[in-house]
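Let us read this structure together, one feature at a time. Look at it first, then follow the questions.

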Amino acid sequence: MSTMNTQLKYGMVGGGPGAFVGPVHRHAIRLDDSATLVAGCFSSDPAKNKVASAELHIGDDRTYADYAEMAAAESRRSDGIDFVVVVTPNHLHFPICEAFLLAGIHVVCDKPLALTKEECVRLMALSKEKNLLFMVTYTYTGNVTVREARELIAAGRIGRIRMVAAEYPQSWLASPDQDGGKQGLWRRDPAQSGRVNALGDIGTHIENLVSYVTQLEIRRLLAKMDVLVPGRVLDDNDMVLLEYTNGASGMYWCSQVAFGQINGLRLRVFGDKGSLFWSQENSEELILNTDTGRTEILRRGGDRISPAAARFQRTPAGHAEGWLEAMANLYVAYTETLRDVKSGNPIPTTPNFPTAADGVAGLSFVEACLESQANGSVWVDIAT
Ligand SMILES: NC(=O)c1ccc[n+]([C@@H]2O[C@H](COP(=O)([O-])OP(=O)(O)OC[C@H]3O[C@@H](n4cnc5c(N)ncnc54)[C@H](O)[C@@H]3O)[C@@H](O)[C@H]2O)c1
């Protein structure tokens, strides 16, 4: 396989002053020098856009007032960006991704991929039609310990999976007087967040994490979606029961109103020979219980981590890696593949990073939950 050695160039839409996740993407890309930022439309506010581009050393000629202009101009340049990173509120993901795909530019977009499954399917189809590489940044699948959990399950270490229990509780919107700042405002607004808040924002992380680690497929689900803080329109607490196609059972809980919880994404997978436990707030460890009655703590950086997971680590055991490195790992996988694709190699059928198909699965999950809730929390088959 031939590979391209020149440095990749990227542009960003969103991630202006005060943004939450845009800077995380930039830091993560810099960690491994995966690509260089050369263009952007960082904010819809012209003054903030200028501040961001000055701080990031982007010239006026590549600071764009809107994303459509950026897609068109960058596609015309001989030194145009290789890929765009989309880190705006949810309602803009679809039009922005579509504009860049139509302009022939590879795309990375944060989750949830779009507001509806139909939009996600359109983006997936368009990226295939145009032979463009698409990543959806479900960050947690970049953790070395999460990759190791997938390897252990695939190797049969916990046997056939019988049940899954996963949760993602937070507390940042727990009281009526906690509006969550600008991040909380748009997430609670259906025009910008879509038909769900918590379920799209953090519930889709659970859906993707379970799917990635276990490779189970959801057959049907039953959801109870709550609005616990008075005055809100969209869900802030969701509970979902699931059945997978192998017959296993699952339960997911996500919440933004759970006092004392900060970013408590946790996963337990139980098989007929053992179980695995992973917690994002202690992501240096993976706990394996076997049918011998023994509990093993696998530490990232140790010599027991399998090569497929270990190749993504940078620091030795005891020198903590976390969220930033997980995001960086997704970019390492994406940019390695993009270099191959730009050298003329085909897009792999199973890339080593979350794709538009994962984005589709996220909205499929959300729409099944909405259907269940609308009908009095009944079982709903998941549409494939
Ligand atoms: N992967 C993760 O772990 C993770 C974490 C947090 C957020 N997210 C996702 O990232 C996205 C952004 O979330 P956030 O919390 O950073 O939001 P934010 O409100 O902090 O930032 C959004 C940015 O988009 C900019 N923007 C808005 N409209 C724009 C336009 N028309 N053109 C250019 N820029 C525009 C805003 O000025 C702001 O800088 C969301 O889809 C969210 O779900 C993912």
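Q: By class, which residues does the shell around the ligand have?
A: First, a word on the source. This is a predicted model: local features need pLDDT of at least 70, side-chain atom pairs count only at pLDDT 80 or more, and totals for chains, interfaces and linings use all residues. Residues are numbered from 1 along each chain as its sequence is written. Now the classes. Ala, Val, Leu, Ile, Met, Phe, Trp, Tyr, Cys and Pro count as nonpolar; Asp, Glu, Lys and Arg count as charged; the others, Gly among them, count as polar. The shell here has eleven nonpolar, eleven polar and four charged residues.

Q: How many residues surround the ligand, and which are closest?
A: A residue is near a molecule if its C-beta atom, placed from the backbone, lies within 6 Å of it. Here 26 residues surround the ligand. The closest are Gly 14, Gly 16, Ala 19, Phe 20 and Asp 110.

Q: Which elements give two or more residues to that shell?
A: Elements are DSSP runs, numbered from the N terminus: helices are H or I with at least four residues, strands are E with at least two. β1 (9–14) and α7 (181–187) each give two or more. α7 gives the most, with three residues.

Q: How is the chain divided into domains?
A: Domain bounds come from an automatic or database domain assignment. Domain 1 is 9–140 + 327–355, and domain 2 is 145–315 + 362–381. Their C-alpha centres lie 26 Å apart. The shell around the ligand draws at least three residues from each domain.

Q: How many residues does the contact take from each domain?
A: Two residues are in contact if their C-beta atoms, placed from the backbone, lie within 7 Å. The contact takes 18 residues from domain 1 and 20 residues from domain 2. On the domain 1 side, α5 (117–129) and α11 (323–342) each supply at least two residues.

Q: What is the strand order in the open sheet of five strands?
A: Strands of a sheet pair through backbone hydrogen bonds, either parallel or antiparallel. Two strands pair if DSSP finds at least two bridges between them. The order here is β2-β1-β3-β4-β5, with parallel pairing. β2 (36–41) and β5 (134–136) stand at the edges with a single partner strand each, so one side of each has no neighbour in the sheet. β1 and β2 pair over five bridges.

Q: Why does the span of helix α12 agree with its number of residues?
A: The expected span is 1.5 Å times one less than the number of residues. α12 (residues 356–374) has 19 residues, so it should span 27 Å; its end C-alpha atoms are 27 Å apart, which agrees.
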